[in-house]
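Q: I am new to this structure, and I would like to learn how to read its features one at a time. Could you take me through them?

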Amino acid sequence: MFALPLGHTARLRPLEPWHAQEFLAHIDRARPSVDPWIPWATLSTGLASATAVLQRYADKQAEDSARIYGIWLDGTLVGGVMFTRFDHASGVCEIGCWLEAAGEGRGLVTRACRALIDWAFTERGMNRVEWWVSAGNTRSIEVARRLGMTRDGVLRQRFPHQGVRHDSEVWSVLAGEWPPGGAGPVEEEPVSDVKAELDRLMHAFLGAFATIGGSRPNLHVVREVFIPQGTIVSNVGDEPVIYDLDSFIEPREKLLTDGTVTEFSEWEVAERTEIFGSVAHRFSEYRKSGVLDGKWFEGSGRKTTQFLRTPVGWRMSSMAWDDEK
């Protein structure tokens, strides 16, 4: 039986019917994280039903129509990833994921999904990998963005769950968009707690501007992730424009709330982070999309961000960006 390393003490392995007892114990722990978004945990309420879920995937794997894998951290099952649909004839498959709180903040799901996508493209010759997610599930949407996926659209009020009808966002990545060796080498070193905190700060910063599905921007987050003296530099025009936090936030809040820009989101597609003691630097590639004056737009660019460790934790100190021309 194979075990793919996802970090120093994390492994990705097939999740099989004989894991049912362990799987059920894990699902019981994961219910608070999973239940708000999908009925996945409700399928396993006892040993018999947990076994049935895993047996169903074993049968589907034999038919080459689905597969399921578990993520073990320090020897404990904490989550998993799966091909919920695998149609080799059409060249289209769908992947999904779930995770309990003990596995969060370590990049485990993103690494596991990269391994599945890389296998689908390079070993099985698939053309399109899809990601279906409830529009309010921001953690799952962030994974899709980190995987370099494109948001194809929204299916409004697609399914009922816990008395509420949920919109479904559809994201995808195509074989031609997946870089050679897209899964990348799997690190054997422990995932740094500092790196996880810097990831959180960047995701919080980018998420502060999101207005998808009629949501309002949350720009006070910018002040939370930056030191009070922070500076932000735009290098997209003829000359650089240097902002303090107030001068940066005010015009963007107006654009995102007066109807000029709607359905806006921005996300990282690649990053390189270097940490040295109490300072850190991050170089990011990003994409963005939205509706400007009634017209859909998309864009991309690069950011460079500096971080400091402060008495209240890590904070951004400065950022500069340039859009792709």
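Q: Where is glutamine 162 found, and is glutamine 162 buried or exposed?
A: In this model, which is predicted, glutamine 162 is found in the loop between β7 and β8 (164-174). Exposure is read from the relative accessible area, where a value over 50% counts as exposed, and glutamine 162 is exposed because its value is 56%.

Q: How do I read the length of a helix, and what is the reach of helix α2 from its first C-alpha to its last?
A: The idea is to set the reach of the helix beside the span expected at 1.5 Å a residue. Helix α2 (residues 47-62) has 16 residues and reaches 23 Å, close to the 22 Å expected.

Q: Which residues of α2 are buried, and what do they pack against?
A: The buried residues of α2 are Ala50, Val53, Leu54 and Tyr57. They cover an arc of only 85° around the axis, which puts them on the same side of α2. These buried residues pack against α1 (20-34), β3 (67-73) and β4 (76-87), whereas the face turned away from the buried side carries the exposed residues Ala48 and Ala62.

Q: Which residues does leucine 15 touch, not counting residues up to four places away in sequence?
A: Leucine 15 touches Phe23, Leu54, Ile68, Tyr69, Gly70, Trp72, Leu77 and Trp98. Leucine 15 is found in the loop between β2 (10-14) and α1, and it counts as buried because its relative accessibility is 4%. To see how separation in sequence can go with a given distance in space, take leucine 15 and glutamine 55, which are 40 residues apart in sequence and 9.8 Å apart in space, C-alpha to C-alpha.

Q: What does α7 show when its length and its buried residues are read in this way?
A: The 13 residues of α7 should span 18 Å at 1.5 Å a residue, and its end C-alpha atoms are 18 Å apart, which agrees. Its buried residues are Leu245, Phe248, Ile249, Arg252 and Leu256. Seen down the axis of α7, they fall within an arc of 85°, so they line one face of the helix, while Glu250 and Lys254 are exposed on the other side. Among the elements that the buried residues pack against are α5 (193-207), α6 (220-225) and β11.

Q: Which residues is isoleucine 249 in contact with, leaving aside its neighbours within four places in sequence?
A: Isoleucine 249 is in contact with Leu219, Val222 and Arg223. The C-alpha atoms of isoleucine 249 and valine 222, which are 27 residues apart along the chain, are separated by 7.8 Å. At 5% relative accessibility, isoleucine 249 counts as buried.

Q: How many of the 15 residues of α3 are buried?
A: Twelve of the 15 residues are buried, so α3 is largely enclosed by the rest of the structure. The buried residues include Leu108, Arg111, Asp118 and Phe121.

Q: How many salt bridges does the structure hold, and which side chains meet that of arginine 282 in them?
A: The structure holds 22 salt bridges. The side chains of aspartate 199 and arginine 282 meet in a salt bridge (3.0 Å, N to O). Aspartate 199 lies in helix α5 and arginine 282 in strand β12 (residues 279-292), so the pair ties together parts that are 83 residues apart in sequence. The side chains of glutamate 268 and arginine 282 likewise meet in a salt bridge (2.9 Å, N to O), and both of these residues are buried.

Q: Which residues are linked in a network of salt bridges?
A: The network of salt bridges links Arg85, Glu94, Arg128, Glu130 and Asp152.

Technical notes: Residues are numbered from 1 along each chain as its sequence is written. This is a predicted model: local features need pLDDT of at least 70, side-chain atom pairs count only at pLDDT 80 or more; totals for chains, interfaces and linings use all residues. Side-chain values use heavy atoms; hydrogens and water are left out. Helices (H or I, at least four residues) and strands (E, at least two) are DSSP runs, numbered from the N terminus. Buried means under 20% relative accessible area, exposed over 50%, partly exposed in between (1.4 Å probe, protein chains only). The arc is that of the directions from the helix axis to the C-beta atoms. Contact means heavy atoms within 4.5 Å. A salt bridge is a side-chain nitrogen of Lys or Arg within 4 Å of a carboxyl oxygen of Asp or Glu.
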